[in-house]
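Come and read along with me.

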Amino acid sequence: MKLIAQLEQGGRLYVCGDGSRMAPGVEEENRQAYANIRQVSPNEARNWLYGLQTEGRYAKDVWAGIYGVEAQPEFAVM
C-alpha cells in the first residue's frame, strides 16, 4: 500500500532484472495492488500503470535470461 501511495504522490519505480519472469510478475502485482486499494477495474489499473510509464515514473531495465549449457542439458556437447 505504501508503494502505491508513494507513486500517487509523484514517486518513481524502476524495475531491473529478468524480463521474462520477474518483471512481468512485478508489473502484475503492482496492477493488482492498485486495483485492490483503489477498487478499480483491471483495465483502469493497467491505464494507471501505463500513465506512470508515459510520465517517465515507471521504467524497466530488463533482459532476457540466458542460461549456461549446464542449465540446458539438451545443448550439452557429448
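I began with a term: a residue is buried when its relative accessible area is under 20%, exposed when it is over 50%, and partly exposed in between, with a 1.4 Å probe and protein chains only. I looked up Ile4, which counts as buried because its relative accessibility is 2%.

I noted how the model must be read: it is predicted, local features need pLDDT of at least 70, side-chain atom pairs count only at pLDDT 80 or more, and totals for chains, interfaces and linings use all residues. Residues are numbered from 1 along each chain as its sequence is written, and side-chain values use heavy atoms, with hydrogens and water left out.

**Entry: the overall layout**

I listed the secondary structure and found three helices and two strands in the protein chain. Here helices (H or I, at least four residues) and strands (E, at least two) are DSSP runs, numbered from the N terminus. Along the sequence I read the pattern α-β-α-α-β. Of the 78 residues in the protein chain, 24% count as buried.

**Entry: back to Ile4**

I placed Ile4 in helix α1. Which residues does Ile4 touch, not counting those up to four places away in sequence? I found Asn30, Ala33, Tyr34, Ile37 and Trp48, where contact means heavy atoms within 4.5 Å. Ile4 and Asn30 are 26 residues apart in sequence, and their C-alpha atoms are 7.8 Å apart in space.

**Entry: an aromatic pair**

I searched the whole structure for aromatic pairs and got one. Tyr34 and Trp48 form this pair, and it is stacked, with 4.1 Å from centre to centre and 5° between the planes. The tie is between parts 14 residues apart in sequence, because Tyr34 lies in helix α2 (residues 22–38) and Trp48 in helix α3 (residues 42–54). For the rule, I wrote down that rings of Phe, Tyr and Trp (its six-membered ring) pair if their centres lie within 6.5 Å; planes under 30 degrees apart count as stacked, over 60 as edge-to-face and the rest as tilted. I also checked burial: both Tyr34 and Trp48 are buried.

**Entry: the nonpolar core**

I looked up the largest nonpolar core, which has 12 residues, among them Ile4, Tyr34, Ala45 and Trp48. Such a core is a set of buried Ala, Val, Leu, Ile, Met, Phe, Trp, Tyr and Cys residues joined through side-chain atoms within 4.5 Å. α1 (2–8), β1 (13–18), α2 and α3 each supply at least two residues of this core. The largest share, four residues, comes from α3.

**Entry: helix α3**

Which residues of α3 are buried? I noted Ala45, Trp48, Leu49, Gly51 and Leu52. They sit on the same side of α3, because they cover an arc of only 150° around the axis; the arc is that of the directions from the helix axis to the C-beta atoms. Their cover includes α1, α2 and β2 (58–63). On the face turned away from the buried side of α3, I found the exposed residues Tyr50 and Thr54. After α3 comes Gly56, with a positive phi near 80°.

**Entry: Gln39**

I finished in the loop between α2 and α3, where Gln39 has its place. Gln39 is not a glycine, yet its phi is positive, about 50°. Is Gln39 buried or exposed? Gln39 counts as exposed, because its relative accessibility is 70%.
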